[in-house]
Amino acid sequence: MRTPNFFTRGSPYLTHPLLTPERTRAEIDFLLSKIPIPDAGNILDIGCGFGRHSIELARRGYNLVGVDPSQAMIEAARRASAGLVNPPQFVWSRAEDYETDQRFDAALCLFTTLGQIEGDQDNRQLVGRAAHQLNPGGCFIVEVPHRTWVKQNLKTKEVFQTPESSTNIERSYDNEQGIVTEIFTIVTPADRRVYLLRYRVFNVIELEQLIKNTGLKVIEFYSGYQDVPFDQASPVIVMIAATH
C-alpha cells in the first residue's frame, strides 16, 4: 500500500505547531520590506498550501492567486479565507502546469515548495512558468533549506507530543541526489496514520544556476527571513530574483 503524501487529507501540515500567525506575519513583513510591490498589486503564491501567506497578504490589500497541487490544501485555504473582503483565488493545479493571462508583480515560492517538485526539469519548468507570468521588473522569491546545513545537521528522529497525539518523524538524506525523505507517524487514541514527504535541497550555487537558466536575475540571498546576508551556517536560503 502506497504511503499517503504529506499534503493529503488529515495531514499534520494543517496543524503544524511551528506555523503560527506570528511567524507568518514576520515573514511577510520581511518580504515586503525587500520587494517593490505596488499597493493592491498582484501576487502569485506558488505552493500556497493552506494559504497562510496568501491570506496575510490579502488582508494587507494585495490581490492573490494561490496555486497548489494538493486538493486538500486548496480546500483548507478556501475555508480559511472565507469572510475576507478580497479573498485570494485558490487554484488546484501544479504550478508548472498553471496557465493564465494574468500577470503578477511578484511570485512567491516559499517553505520548500521548489524542492517538492522532483527532478530538475520540473524545477526549471516551475520557475520558468513563474518568470513568464511576471510583469517587467517583477520579483520572484524562493525559500529552500540549505543543502550544506541539512547534510551536517539533519535530525534523523524527532517526536512532537500533544495531549491528543504523538507525531514521530524519521528522516534520511540522499547526498547524491540531494533528497530528504521524511516519514511521519501520527498516533492518536483512535488511529495510526503514516505520511511521506520528499524534497530536494539546494546550495546557493545550484539555486542560482537554476534561477539564471530561466532568464531571471538574482538580486540577493538572505539567511532566512532576516536582514542578514546568506552565509554557509544558515539553515535556510531566501533568494530574491527579478525579471530583466
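Predicted model: local features only at pLDDT ≥ 70, side-chain atom pairs only at ≥ 80, totals over all residues.

Modeller: Residues are numbered from 1 along each chain as its sequence is written, and side-chain values use heavy atoms, with hydrogens and water left out.

Biologist: How do you know that the radius of gyration agrees with a compact globule?

Modeller: The radius is taken over C-alpha atoms, and the globule rule is 2.2 Å times the number of residues to the power 0.38. For 244 residues a compact globule would come near 18 Å, and the protein has 18 Å, so the two agree. The C-alpha trace spans about 50 × 45 × 35 Å along its principal axes.

Biologist: What makes a residue count as buried, and what share of the protein does so?

Modeller: Buried means under 20% relative accessible area, exposed means over 50%, and partly exposed lies in between (1.4 Å probe, protein chains only). Of the 244 residues, 49% are buried.

Biologist: Why is strand β11 called largely enclosed?

Modeller: Strands are DSSP runs of E with at least two residues, helices are runs of H or I with at least four, and both are numbered from the N terminus. Strand β11 covers residues 236-242, and six of its seven residues are buried, so the rest of the structure largely encloses it.

Biologist: What makes β5 and β10 partners of β11?

Modeller: Two strands pair if DSSP finds at least two bridges between them. Strand β5 (residues 134-145) has seven bridges to β11, in the antiparallel sense. Strand β10 (residues 217-223) is also antiparallel to β11, over six bridges. M239 in β11 is the bridge partner of V142 and of F221.

Biologist: Why is β8 called largely enclosed, and which strands pair with β8?

Modeller: In β8 (residues 179-187), seven of the nine residues are buried, so the strand is largely enclosed by the rest of the structure. Strand β7 (residues 166-174) runs antiparallel to β8, joined by nine bridges. Strand β9 (residues 192-200) pairs with β8 over nine bridges, again antiparallel. I179 in β8 is the bridge partner of D174 and stands opposite R200 in β9. The hairpin of β7 and β8 has four residues between the strands, and G178 there takes a positive phi near 70°.

Biologist: What do the buried residues of helix α3 pack against?

Modeller: They pack against α2 (52-59), β2 (63-68) and β3 (89-92), where contact means heavy atoms within 4.5 Å. The helix spans residues 71-81, and its buried residues are A72, M73, I74, A76, A77 and S81. Just after α3, G83 has a positive phi of about 100°.
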